[in-house]
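Me: I would like to go through this entry and check what each label rests on. Please set each value against its definition.

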Amino acid sequence: MDLELVSFKICPYVQRSIITLKQKDAPFKLTHLKMGDKPEWFQKISPLGQVPVLVVDGQTPLFESSVINEFVDEATPGALHPEDVIERARHRAWIAFCNDCMGDFSQMSMAPSQEGFESARDSLLKKLARLEDAVSDGPLFAGQAFSLVDSSYAPMFMRLTLLEGWIADFSPFANLPKTAAWRDALLALPAVTESVVAEFPKLYRGFLVMRKGWLGQTYLATKS
């Protein structure tokens with residue numbers, strides 16, 4: 001089976017699928033598009049005009065990271081979803097919850113005002129507090145076994161950790177010991193560390209500054 005994943009270098013949703021592919025040891029080709037440049041061939045295979053798109057055997061495009069991840073899991077040896085049907089549904093629910101967290105995170109990152117930043121930040125922190133109750137004793141979401149829940153949260157955790165180092169008094173994992181330990185375990189995994197380009201922190205920081213949101217202009221634009 002030939003797999004080609006179409007990506008932007010800093011897209012967190014693409015990163016989810018890269019992590020899954022690497023965790024499953026599935027060979028794939030990674031094609032990066034330039035930000036803001038969506039060639040005609042890409043628009044033909046992406047109904048929403050968004051990444052990720054996984055092209056299977058050169059002819060079948062799949063889109064939406066959750067769909068791509070489930071396809072990769074089902075089409076390759078091993079399983080990243082639990083066998084138990086209830087636990088599997090629970091995992092899918094927490095993946096959907098992650099999508100809502102990512103919505104808050106995006107709003108926080110791009111908010112044009114301090115008020116907008118703080119509102120989105122507070123909403124995200126409340127969700128992370130709810131997540132804390134669902135996390136196992138570790139090291140990963142469901143214990144020892146890597147799951148698609150881990151693939152889903154790792155990109156957001158990576159970005160939150162960068163912001164934690166760049167923004168004074170921003171500690172999203174404070175008072176969340178299980179989530180913090182889970183974050184640390186995820187960010188140490190080769191499938192996660194190898195899921196971004198080497199210059200990712202610089203590219204991500206530059207992207208936030210370019211978007212001219214309150215966060216980027218206040219904390220990042222004047223720093224080297």
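Me: What makes residues in the lining of the second largest pocket nonpolar, polar or charged, and how do they divide?
Reply: Ala, Val, Leu, Ile, Met, Phe, Trp, Tyr, Cys and Pro count as nonpolar, Asp, Glu, Lys and Arg as charged, and the others, Gly among them, as polar. By that rule the lining holds six nonpolar, two polar and three charged residues. The model is predicted: local features need pLDDT of at least 70 and side-chain atom pairs pLDDT 80 or more, while totals for chains, interfaces and linings use all residues. Residues are numbered from 1 along each chain as its sequence is written, and side-chain values use heavy atoms, with hydrogens and water left out.

Me: Which residues line the second largest pocket?
Reply: The lining residues are K9, I10, H32, L33, K34, M35, K202, L203, G206, F207 and M210. A pocket is an open set of points on a 1 Å grid over the protein atoms alone where a 1.4 Å probe fits, with protein on both sides within 12 Å along at least five of seven lines, and a lining residue has an atom within 4 Å of a point. The space in the second largest pocket is about 190 Å³, a volume being the space filled by probe spheres set on the points. Helix α9 provides five residues, the largest share of this lining; helices are DSSP runs of H or I with at least four residues, and strands are E runs with at least two, numbered from the N terminus.

Me: Why is the second largest pocket said to lie between domain 1 (3–75) and domain 2 (85–222)?
Reply: Both domains give residues to its lining, so the second largest pocket lies between them.

Me: What does the lining of the largest pocket draw from each domain?
Reply: At least three residues come from each of domain 1 and domain 2. The space in the largest pocket is about 700 Å³. Its lining has 28 residues, and C11, P12, Y13, V51 and S106 are the closest to its centre. At least two lining residues come from each of α1 (12–23), α3 (65–75), α4 (85–110) and α9 (200–210), and α4 gives the most, seven. The lining divides into 15 nonpolar, eight polar and five charged residues.

Me: How many residues of domain 1 and domain 2 are in contact?
Reply: Taking contact as heavy atoms within 4.5 Å, 18 residues of domain 1 meet 24 residues of domain 2. The two domains bury about 1,800 Å² between them, 61% of it on carbon and sulfur atoms. Buried area here is the accessible area (1.4 Å probe) that two parts lose on being put together, summed over both. I10, Q15 and R16 supply 34% of the area that domain 1 buries against domain 2, more than any other three residues.

Me: What makes E194 and K22 a salt bridge?
Reply: The term asks for a side-chain nitrogen of Lys or Arg within 4 Å of a carboxyl oxygen of Asp or Glu. The closest N and O atoms of E194 and K22 are 4.0 Å apart, and the pair is counted as a salt bridge. E194 lies in the loop between α8 (190–193) and α9 and K22 in helix α1, so the pair ties together parts 172 residues apart in sequence. The whole structure has ten salt bridges, and three are between domain 1 and domain 2.

Me: How do you know that the peptide bond joining V51 and P52 is cis?
Reply: Omega is about 5° for that bond, and P52 sits in the loop between α2 (40–45) and β3 (53–56). The bond from G138 to P139 is also cis, with omega near 5°; P139 is in the loop between α5 (114–134) and α6 (148–166).

Me: What is the phi of D57?
Reply: Phi of D57 is near 55°, a positive value in a residue other than glycine. D57 lies in the loop between β3 and β4 (60–63). Most residues other than glycine have a negative phi, and most peptide bonds are trans.

Terms used. Domains from an automatic or database assignment.
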